[in-house]
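Please look over the model below.

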Amino acid sequence: LKFLARAAEHDPAAFHHVTVVRNLKGLARVLLYQKDLTGGDFRSLYDAYERDNREGVTEFVRAQAEGTWADREQLDRQIDAAAEGWSAERMAVLERNILRLAVWEIGRGEVPVAVAIDEAVSLAKRYASPEAATLVNGVLEESPASRGSDGDQTRLQDVAAELERLR
């Protein structure tokens with residue numbers, strides 16, 4: 001994550017872009033939490049968000065939330081495999097959905113594993129508890145998606161190239 005600090009020093013606009021994306025992912029996690037907790041459909045969740053915030057839900061957020069939800073059974077199997085003595089079903093709704101989105105992102109190769117883990121752990125610390133953050137970190141470190149990913153360095157280079165392009 002030193003990379004992000006250097007990016008902020010050298011290119012504030014690109015760093016702002018990274019920050020915006022991180023906030024959008026946070027919204028996707030909130031929508032997943034609400035969907036899992038209430039069983040509501042995404043359309044009504046989007047409408048409620050728009051009504052409460054006077055802005056629409058972006059296509060990026062929709063793709064993150066809906067993609068994760070569509071793959072939740074496969075994601076839960078990966079979480080179950082990594083969580084010794086726990087299953088995704090037994091986890092609190094918030095932690096389960098933080099993990100689902102992180103595993104989904106890692107599996108798609110859209111972000112470096114370390115970044116996905118850091119974001120997920122930060123969210124668990126902020127919205128749940130230090131114990132939840134420890135659980136999230138441990139599960140993600142052991143998840144098949146994280147352990148099978150040897151392309152982190154390549155993805156870090158891709159992110160660096162994209163930040164360079166944005167300059």
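At what angle do helix 4 (residues 59–70) and helix 6 (residues 93–108) pack, and how far apart are their axes? The angle is about 100 degrees, and the axes are 10 Å apart. Angles of 65 to 115 degrees count as roughly perpendicular, and that makes helix 4 roughly perpendicular to helix 6. Note that this is a predicted model.

Helix 4 brings Ala-63, Gln-64, Gly-67, Thr-68 and Trp-69 to the contact. Helix 6 answers with Asn-97, Arg-100, Leu-101, Trp-104 and Glu-105. By class, the residues of this contact are four nonpolar, four polar and two charged.

Next comes the packing of helix 5 on helix 6. Their axes come within 9 Å and cross at roughly 100 degrees. Helix 5 and helix 6 are therefore roughly perpendicular to each other. From helix 5, the contact takes Arg-72, Leu-75, Asp-76, Gln-78 and Ile-79. From helix 6, it takes Arg-96, Leu-99, Arg-100, Val-103 and Trp-104. Here the division is five nonpolar, one polar and four charged.

Is Asp-76 buried or exposed? Asp-76 counts as buried because its relative accessibility is 14%, and buried means under 20%. Which residues does Asp-76 touch, leaving aside its neighbours within four places in sequence? With those neighbours set aside, Asp-76 is in contact with Ala-88, Arg-96 and Arg-100.

Now the rings. How many aromatic pairs does the structure hold? There is one. Phe-42 and Tyr-46 form this pair, which is stacked, with 5.8 Å from centre to centre and 20 degrees between the planes. Phe-42 and Tyr-46 are separated by about one helical turn because they are four residues apart in helix 3 (residues 42–53). Both residues are buried.

| Charged residue | Ring | Distance to ring centre |
|---|---|---|
| Lys-35 | Phe-42 | 5.3 Å |
| Arg-90 | Trp-86 | 4.5 Å |

Arg-90, in turn, lies over the face of Trp-86.

Notes
Residues are numbered from 1 along each chain as its sequence is written. This is a predicted model: local features need pLDDT of at least 70, side-chain atom pairs count only at pLDDT 80 or more; totals for chains, interfaces and linings use all residues. Side-chain values use heavy atoms; hydrogens and water are left out. Rings of Phe, Tyr and Trp (its six-membered ring) pair if their centres lie within 6.5 Å; planes under 30 degrees apart count as stacked, over 60 as edge-to-face and the rest as tilted. Helices (H or I, at least four residues) and strands (E, at least two) are DSSP runs, numbered from the N terminus. Buried means under 20% relative accessible area, exposed over 50%, partly exposed in between (1.4 Å probe, protein chains only). A charge sits over a ring if NZ of Lys or CZ of Arg is within 6 Å of the ring centre and within 35 degrees of the ring normal. Contact means heavy atoms within 4.5 Å. Axes are lines fitted to C-alpha atoms, for helices over the stretch in contact, and angles run from 0 to 180 degrees between N-to-C directions. Angles under 35 degrees count as roughly parallel, over 145 as roughly antiparallel, 65 to 115 as roughly perpendicular and the rest as oblique. Ala, Val, Leu, Ile, Met, Phe, Trp, Tyr, Cys and Pro count as nonpolar, Asp, Glu, Lys and Arg as charged, and the others, Gly among them, as polar.
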